[in-house]
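My notes follow the order in which I checked them.

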Amino acid sequence: MTLPVTIGSLMFIMMLMSGKVITPYKYMNNIMMLCGERRGLLNKTENLDETRVTLTYQLPLNEIIVDFHDKVKSLSSGFASFDYEDCGYQVSKLVKLDILLNGEVVDALCSIVHESKAHSAGKHMCTKLAQLIPRQMVMVAIQAAIGAKIVARETINPFRKDVIAKLYGGDVSRKKKLLAKQSEGKKKMKAIAKVNIPRDTFLKVLKQ
C-alpha cells in the first residue's frame, strides 16, 4: 500500500485485542506499566486467589504482535501468562515513519506507527540501527522521518586510516596534501558506496 506523506497523518481502522494477563500480585505494577506503554486500556481486574490476579486490557494488535509476550515473561520472571482474542476495530491516527540511510529510504525498515509514539519510535529505531550496523568505510547517517520532517538521527563514524603516521618532522604542506587526498577519496567512495546491513538486522530492530 502506498501512503501519502504530505498530509502528515491519516485516519485508519485499527484492530483491537482483548488481552488477559494472569500474574502474581508482586509483578502486577510491572505488567500495568507495560500495558500502558503499549496504549492499553484496563477493562477489568479479577482476583484469582491470594497470590494471583487477572488483568484484562484492550490493546492494539500492532502493539502486542512482535515482543509483548516476551516482555510479560521477562517482567514477571516467567510466572505471568498472556492470552488474547479479537474484540473489534477502532479509528486511529497513524503516520508513516521512514528510515533513511545516507539519505536513501530503506523500505524494509519503514513502519506505520501511532502519531503519539512517532518521535519515540523514530529515536528507538535510529539508536537500535546504530548499534546493529557495523562501521563502514564511509560515514553512515541514520535518520527517521515523517514526510519531510526529520524526527531523529544517529551517525556511525567511518573507519579512519592515519595517512600521516609515517611522516615525521614539520612538513606541514605534505601532511595537508595527504589529508586532502584522503578526504577527496572518501567523497568519491561515499558517492558510490552502499551501506552493508547484516541480514538479521531487520528482525532485531523490530524488537522493542
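These entries record what I looked up in the model.

**Ground rules.** I am working with a predicted model, where local features need pLDDT of at least 70, side-chain atom pairs count only at pLDDT 80 or more, and totals for chains, interfaces and linings use all residues. I number residues from 1 along each chain as its sequence is written, and side-chain values use heavy atoms, with hydrogens and water left out.

**Confidence.** I started with pLDDT, the predictor's confidence in each residue, from 0 to 100. The protein chain averages 81, and 75% of the residues score at least 70. Helices (H or I, at least four residues) and strands (E, at least two) are DSSP runs, numbered from the N terminus. I flagged residues 1-8, where pLDDT stays under 50.

**Aromatic pairs.** I searched the whole structure and got 3 aromatic pairs. Rings of Phe, Tyr and Trp (its six-membered ring) pair if their centres lie within 6.5 Å; planes under 30 degrees apart count as stacked, over 60 as edge-to-face and the rest as tilted. Tyrosine 27 and phenylalanine 79 are stacked, 6.3 Å centre to centre with 10° between the planes. They sit 52 residues apart: tyrosine 27 in the loop between S1 and H1, phenylalanine 79 in the loop between H3 and S4. I then checked burial (buried is under 20% relative accessible area, exposed over 50%, partly exposed in between; 1.4 Å probe, protein chains only). Tyrosine 27 is buried at 11%, whereas phenylalanine 79 is exposed at 58%. Ring pairs also join Phe68, Phe82 and Tyr84 into a cluster.

**H1 against H3.** Which residues make this contact (heavy atoms within 4.5 Å)? From H1 I noted Asn30, Ile31, Leu34 and Cys35; from H3, Phe68, Lys71, Val72 and Leu75. The axes come within 9 Å and cross at roughly 155°. Axes are lines fitted to C-alpha atoms, for helices over the stretch in contact, and angles run from 0 to 180 degrees between N-to-C directions.

**Isoleucine 156.** I found isoleucine 156 in strand S8 (residues 149-156). Is isoleucine 156 buried or exposed? Isoleucine 156 is buried, with a relative accessible area of 7%. Beyond four places in sequence, isoleucine 156 has contacts that include Leu129, Ile133, Val138 and Ile142. Isoleucine 142 is 14 residues from isoleucine 156 in sequence and 7.9 Å away, C-alpha to C-alpha.

Definitions and conventions. Contact means heavy atoms within 4.5 Å.
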